[in-house]
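Colleague: I have a new structure open and have not looked at it before. Could you walk me through some of it?

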Amino acid sequence: MSLQKISDRKKLELKLPQMPWFVQQFIDYKLPDLSPSTLLEYVRDYESFFGWMRAEGLSQADTNSGVTLLELETLHMDSVVGYRLYLTTRTEDTNSKITVSRKLSALRSLFHYLSQIAEDENFYPLLKRNVMAKVEIKRIHKPKDTAAKLKGKILEEDELIEFVGYILEGYGRDVEGNKQAHYAFMLNRERDACIASLILNSGLRVSEIVNLNVDDLDLGNKLLYVYRKGQNDETFKTPVYFREQAKDELQQYLSLRHSRYNTPKKEKALFVAKPNGSPESKRMTKRAIQVMIIKYAKRFGKPYLTVHKLRHSFATDYYLQNDIYKTKEQLGHASTETTEVYAHLTDKTMSEAIERRLES
């Protein structure tokens, strides 16, 4: 199981006793099909909703665990509208349309289970009336719209190689006057270039990069074995190919992983960092990788570039040479609908390439 899943499962186990019994039953029902991370988000969404119900006087419970089925059953549509308004208009922590949609979807899943699947001892549904069935949740993301937002904010064509080269050499020239920044650069440039190159040549998610162990790497066959998002078989790692371009950076980093970072033999992580004041290194965090990519991106002249946009950059480049099904498998998408964004991105990329050829 990945480190993130282990952490989220522990958090889920701590939060569940604070939920009503029927929510605990619903989570048990979903456990074989959904990851601990997804279920933890569900529980957090229910925390928010039950807390709002109690604050609005729609539940007489003193705690969230005391919210009853009858209180859910007698909710009016006005109450659901009120909750939606609360999520979108509150002064602190206002939610985006995507977040509101997700929170309402989580409620719909719970109410559907209680009214259509779960039964009492007399074989009747636990919930006799499902107010959430009346709630229409509009699709927020359309592949074409997502593609339009990404245009100009990802790396294209030669920029993929240039960005890795900039991390290895160019950034050092730009920060020569800053001793502290230059020292950190010289210490980490091979590792940082390796991480960027690996994402740009495999399309791995940052969580998948963080969870990689040295034993997950098969350099000879250009393979990585990763726990993919949404995959619930905790004993199986998916083989993911990386392109030849990443091989040199991987070999260079591996040659200094132990000596440069004083990595203990017990540390299995592929990518490590040595915290200030620590004699030994440990697994890099997701946050450290995100901050690292943003740092280089700004100096490179791509301030909108993030670690996730490196994945988008790879996917766009990969899709130009492969079909949507191969791209879906390489990225670990659950459906081709998610992968469609790259069809829209590459349409424009190809047309611009043709225009450049005509001009030359």
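Modeller: We can go through a helix contact, some ring pairs and one further helix.

Colleague: What kind of model is this, and how are residues numbered?

Modeller: This is a predicted model, where local features need pLDDT of at least 70, side-chain atom pairs count only at pLDDT 80 or more, and totals for chains, interfaces and linings use all residues. Residues are numbered from 1 along each chain as its sequence is written, and side-chain values use heavy atoms, with hydrogens and water left out.

Colleague: At what angle do α2 and α6 pack?

Modeller: Helix α2 (residues 21–30) and helix α6 (residues 97–117) pack at about 90°, and their axes are 10 Å apart. α2 is therefore roughly perpendicular to α6, a label for angles of 65 to 115 degrees. Axes are lines fitted to C-alpha atoms, for helices over the stretch in contact, and angles run from 0 to 180 degrees between N-to-C directions. Helices are DSSP runs (H or I, at least four residues), numbered from the N terminus.

Colleague: Which residues meet there?

Modeller: From α2 there are Phe22, Val23, Gln25, Phe26 and Tyr29; from α6, Ser109, Leu110, Tyr113, Leu114 and Ile117. Contact means heavy atoms within 4.5 Å. Eight of the contact residues are nonpolar, two are polar and none is charged. Ala, Val, Leu, Ile, Met, Phe, Trp, Tyr, Cys and Pro count as nonpolar, Asp, Glu, Lys and Arg as charged, and the others, Gly among them, as polar.

Colleague: Switching to rings, how many aromatic pairs are in the whole structure?

Modeller: A search finds 19. Among them, tyrosine 29 and tyrosine 113 form a tilted pair, 5.0 Å centre to centre with 35° between the planes. Rings of Phe, Tyr and Trp (its six-membered ring) pair if their centres lie within 6.5 Å; planes under 30 degrees apart count as stacked, over 60 as edge-to-face and the rest as tilted. Tyrosine 29 in α2 and tyrosine 113 in α6 are 84 residues apart.

Colleague: Is tyrosine 113 buried or exposed?

Modeller: Tyrosine 113 is buried, at 5% relative accessible area, while tyrosine 29 is partly exposed at 38%. Buried means under 20% relative accessible area, exposed over 50%, partly exposed in between (1.4 Å probe, protein chains only).

Colleague: Which cluster do ring pairs build?

Modeller: Ring pairs link Phe26, Tyr29, Tyr42, Tyr46, Phe49, Phe50, Trp52, Tyr83, Tyr86 and Tyr113.

Colleague: Last topic: how many residues of α13 are buried?

Modeller: Twelve of the 13 residues are buried, including Val307, Phe314 and Tyr319.

How values were computed: Helix = DSSP H or I, 4+ residues; strand = E, 2+ residues; numbered from the N terminus. Parallel < 35°, antiparallel > 145°, perpendicular 65-115°, else oblique.
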